[in-house]
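Okay, thanks everyone, I'll keep this short.

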Amino acid sequence: MTGTLRRDDRGVSQVIATILLVAIVVILAGTASTFVLGEASSAPSPAPTIDVSHRLVDDGEVVAVTLDAGDSVRTNRLYVIGSKKLDIGSAPGSSTAPRDAYASTREKFTESSGGNPPQVGIGDTWEAGETVYLNPVGGDPSGTTIGIYWNTQPIEGVNPGTVNGEDTYKLFEFTV
């Protein structure tokens with residue numbers, strides 16, 4: 001009986017066809033999900049977008065950093081890191097001006113002492129046109145690299161504060 005199909009052999013070819021069809025669907029679904037999930041991982045970060053400028057003030061000893069354009073940013077989620085210790089505050093000559101005595105390599109924008117309002121004096125959000133002042137220790141800020149960072153969670157504790165979570169984004173960096 002070679003070359004002739006028996007009645008029970010026809011069912012085998014339908015089972016094989018069904019298995020092949022299911023395999024093709026699984027492969028296509030896997031390929032499509034990889035593409036879709038790959039696209040999701042390249043989604044833009046939740047971090048705000050800002051553009052800042054800086055200039056030297058107070059006889060070249062203090063760096064004034066102004067938010068020129070971009071999103072308004074909650075100050076309790078912002079901090080600054082310097083390549084050398086610095087202090088953050090309001091304009092030189094004010095009662096909350098930055099001082100060497102309070103300097104660290106990381107300063108949160110909501111730095112304050114004794115229950116006083118934050119030294120930077122810009123309120124709950126950093127808006128376009130507002131300036132913060134940074135005083136690098138030693139009086140000469142030349143060559144100091146300064147980065148402004150945003151965290152998805154508020155910065156906790158006393159200055160320099162504790163950065164919670166792993167979602168921190170560098171918003172801007174410059175060298176004086």
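**Aromatic pairs and a pocket**

So, Tyr-169 comes out at 24% relative accessibility, and that makes it partly exposed. Keep in mind that this is a predicted model. Trp-150, on the other hand, counts as buried, because its relative accessibility is 10% and the cut-off for buried is under 20%.

Now the pairs. How many aromatic pairs are there by the distance rule? The count is three. Take Tyr-79 and Tyr-149: their ring centres are 5.4 Å apart and the planes sit at 10 degrees, so we call this pair stacked. Tyr-79 belongs to strand E4, residues 78–89, and Tyr-149 to strand E8, residues 145–151, so the pair ties together parts of the chain 70 residues apart in sequence. Both of these tyrosines, Tyr-79 and Tyr-149, are buried.

Back to Trp-150 and Tyr-169. Here the centres are 6.0 Å apart with the planes at 35 degrees, so that pair is tilted. Trp-150 is in strand E8 and Tyr-169 in strand E9, residues 168–175, which puts the partners 19 residues apart and links distant parts of the chain.

One more thing about Tyr-79: the charged end of Arg-106 sits over its ring, 5.9 Å from the centre.

Last, the largest pocket. It holds about 290 Å³ of space. There are 18 lining residues, and those closest to the pocket centre are Tyr-102, Glu-111, Ser-112, Ser-113 and Gln-119. And what is the lining made of, in terms of nonpolar, polar and charged residues? Seven are nonpolar, eight polar and three charged.

Notes:
Residues numbered from 1 in each chain as written. Predicted model: local features only at pLDDT ≥ 70, side-chain atom pairs only at ≥ 80, totals over all residues. Heavy atoms only, no water. Phe/Tyr/Trp six-rings, centres within 6.5 Å; stacked < 30°, edge-to-face > 60°. Helix = DSSP H or I, 4+ residues; strand = E, 2+ residues; numbered from the N terminus. Buried < 20%, exposed > 50% of the residue type's maximum accessible area, 1.4 Å probe, protein only. Lys NZ or Arg CZ within 6 Å of the ring centre and 35° of its normal. 1 Å grid on protein atoms, 1.4 Å probe; cavity = no way out; pocket = protein on both sides within 12 Å on 5 of 7 lines; lining within 4 Å. Points joined across faces, edges and corners; volume = space filled by probe spheres on them. Nonpolar A, V, L, I, M, F, W, Y, C, P; charged D, E, K, R; others polar.
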